[in-house]
Amino acid sequence: MWDIIFFEEGYCWTRTAERQASRMRSRYLKAVLRQDVGYFDLHVTSTAEVITSVSSDSLVIQDVISEKVPVFLTNLFTFIGAYIVAFAVLWRLAIAAFPFVIFLVIPGLMYGRALMGIARKMKVEYNKAGIVAEQALSSIRTVYAFVGESKTMRNYSIALQGTVDLGLKQGLAKGLAIGSNGIVFAIWSFIAYYGSRLIMYRHASGGNVFVTGAAIAIGGLYVSLPSSHSFIITLFPFA
């Protein structure tokens with residue numbers, strides 16, 4: 001039963017994203033074709049730039065609608081539901097552990113902002129490489145006649161070198177973000193310490209302490225996921 005519901009959810013989001021992306025491509029192309037010739041002389045360096053912009057921008061919007069929006073909503077409601085359960089079961093422990101959530105939110109927020117900045121730079125670098133490839137393929141006979149294959153490959157490799165450096169930075173940021181999730185063990189330590197005192201002096205139940213601690217940890221992990229922050233920064237890049 002749940003598998004069918006999850007499938008329907010994914011299908012609806014994906015279908016909606018495809019329809020919106022297709023509509024956006026059509027309107028974008030119509031808007032470009034309505035421009036005067038002077039626009040292409042001043043703002044467009046090659047036809048590959050227009051084609052790349054149409055495809056890449058629409059794919060970004062499609063990815064946001066089909067994946068990031070449902071994931072963000074899932075993480076948000078999981079966080080809210082987990083903390084509602086925590087406060088309902090053992091409010092003293094929930095209040096004491098709630099401030100520690102900020103230590104899970106900050107690394108994810110920093111990673112999301114760094115990821116979006118790197119993604120913008122990688123888009124520019126890939127556009128440069130795409131322009132080189134498109135120009136070479138559109139005039140392949142000229143390239144072959146003047147024996148320019150090696151030069152074209154060298155220019156293409158140079159254009160891709162920037163993406164390699166940015167990929168290394170992206171991997172470093174991702175590793176730091178994943179490693180920062182180890183803070184949850186420190187939070188668990190505090191929950192175990194304060195929960196034991198509640199059991200000894202407030203006659204709290206061990207099961208309630210465990211349920212509250214698990215809800216706090218799970219809710220904090222979901223709100224700290226980079227996908228949540230990357231979605232927010234995608235919509236509000238200057239926030």
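**View A. Phenylalanine 79 and tyrosine 83 are separated by about one helical turn, because they are four residues apart in helix α3 (residues 47-89).** The model is predicted, so that local features need pLDDT of at least 70 and side-chain atom pairs count only at pLDDT 80 or more, whereas totals for chains, interfaces and linings use all residues. Residues are numbered from 1 along each chain as its sequence is written, and side-chain values use heavy atoms, with hydrogens and water left out. Helices (H or I, at least four residues) and strands (E, at least two) are DSSP runs, numbered from the N terminus. In the pair of phenylalanine 79 and tyrosine 83, the ring centres are 4.8 Å apart and the planes stand at 50°, so the pair is tilted, a class left for planes that are neither under 30 degrees apart (stacked) nor over 60 (edge-to-face).

**View B. Helix α8 (residues 183-201) packs with helix α9 (residues 206-223) at an angle of about 155°, their axes being 10 Å apart.** Axes are lines fitted to C-alpha atoms, for helices over the stretch in contact, and angles run from 0 to 180 degrees between N-to-C directions. The two helices, α8 and α9, are therefore roughly antiparallel (an angle over 145 degrees). The contact (heavy atoms within 4.5 Å) involves residues of α8 including Trp188 and Gly195, and residues of α9 including Phe210 and Gly213. By class, the contact of α8 with α9 has 10 nonpolar residues (Ala, Val, Leu, Ile, Met, Phe, Trp, Tyr, Cys and Pro), no charged ones (Asp, Glu, Lys and Arg) and three polar ones (the others, Gly among them).

**View C. Helix α5 (residues 102-138) and helix α7 (residues 149-179) have axes that come within 9 Å and cross at roughly 165°.** This angle makes α5 and α7 roughly antiparallel to each other. Their contact is made up of 15 nonpolar, five polar and five charged residues.

**View D. Helix α5 also packs with α8, at an angle of about 175° and with the axes 10 Å apart.** The helices α5 and α8 are therefore roughly antiparallel. Phe103, Leu104 and Pro107 of α5 meet Ile183, Val184 and Ile187 of α8, and the contact of α5 with α8 counts six nonpolar residues, with no polar and no charged ones.

**View E. UniProt, in an unreviewed entry, places the feature "transmembrane region" at residues 71-91, 97-116, 176-195 and 207-225.** Such annotations may be inferred rather than shown by experiment; their positions follow the numbering used here, and feature names are shortened. Over residues 97-116 the chain is 80% helix and 0% strand, with the end C-alpha atoms 30 Å apart. Residues 176-195 are 85% helix and 0% strand, and their end C-alpha atoms are 30 Å apart.

How values were computed
Angles under 35 degrees count as roughly parallel, over 145 as roughly antiparallel, 65 to 115 as roughly perpendicular and the rest as oblique. Rings of Phe, Tyr and Trp (its six-membered ring) pair if their centres lie within 6.5 Å; planes under 30 degrees apart count as stacked, over 60 as edge-to-face and the rest as tilted.
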